[in-house]
Amino acid sequence: MKKIISFQGEPGANSHIACAEAYPDWTVLPCPTFEDAFAAVNEGQAGLAMIPIENSIAGRVADIHHLLPTSGLHIVGEHFLPIHFQLMSVPEADLGTIRSVHSHVHALGQCRKIIRKLGLKAHVAGDTAGSAREVAEWKDKTRASLAPRMAAEIYGLKILAEDVEDEAHNTTRFVILSKTPQWAPAGDAPTVTSFVFRVRNLPAALYKALGGFATNGINMTKLESYMLEGGFTATQFYAEVDGHPEDVNLKRALEELAFFSRELRILGVYPASPFRETIGEAAE
């Protein structure tokens, strides 16, 4: 496997940081779109892709649940990244000179307090690191960017205010994708199983399909629905559960799900991130 990992965004984006944390000895491959990041793996330019799937504040990342099932890729791991935004501008700027701030729509939404406090006009950019690059190119001390610390280092910007996110628990979860399935071995280590399914057109089909998880004591950590092909009737579900398909209880639950489903496809069986333990502790 090539030690190259693709991500959507520009150098210095949070996805770049996630790649550097999870695979410090790999080369990163920035891509303009999620489709390009997927294609890099499918076409052999990259061995893996690092893709954000949800944020603790903003919720699920748009389009990913639509793209994942059709990407031809498999989930082989996950990575949690605490998100911190820095307010940055050109070296000549300070908090008194800036009038506008540029960043991804989610970053602007997650840093409302500092924007309101400084009376800045917010402008939506394609991504956080891209906004930092643009601010560096503009050389205008009235414009600032909200971006990760790595972006300031890459584009030569000065950090005017540190860690300006509104919520301390702001975290993004990424999934790591491969062209070939790499199921984690069955055993005692905590494992996550991700899958998509479509239930049969029967009364209470979804209720019956999911009943096996309750009766077999399986913890379902995620269940999301979305429409297919723009139709109101063709609904697909994306789900994640604790456990391995070879575990007796989960095997039974999946068999019951398959009976009531038109389609069931496992997208990945991978080790649960240790970060999940801190989430559980925080919730208690």
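**Exercise 1.** Sort the lining of the second largest pocket by residue class.

*Solution.* Start with the classes: Ala, Val, Leu, Ile, Met, Phe, Trp, Tyr, Cys and Pro count as nonpolar, Asp, Glu, Lys and Arg as charged, and the others, Gly among them, as polar. Sorted this way, the lining has six nonpolar, five polar and seven charged residues. A pocket here is an open set of points on a 1 Å grid over the protein atoms alone, where a 1.4 Å probe fits, with protein on both sides within 12 Å along at least five of seven lines; lining residues have an atom within 4 Å of a point.

Before going on, note that this is a predicted model, where local features need pLDDT of at least 70, side-chain atom pairs count only at pLDDT 80 or more, and totals for chains, interfaces and linings use all residues. Residues are numbered from 1 along each chain as its sequence is written, and side-chain values use heavy atoms, with hydrogens and water left out.

**Exercise 2.** Find the volume of the second largest pocket and the residues closest to its centre.

*Solution.* First, the volume, meaning the space filled by probe spheres set on the points, is about 310 Å³. Next, look among the 18 lining residues: Phe80, Thr221, Asp242, Arg276 and Ile279 are the closest to the centre.

**Exercise 3.** Now describe the largest pocket.

*Solution.* Its volume is about 530 Å³. Of its 25 lining residues, Gln8, Pro52, Val61, His104 and His106 lie closest to the centre. Finally, the classes: the lining holds 10 nonpolar, 12 polar and three charged residues.
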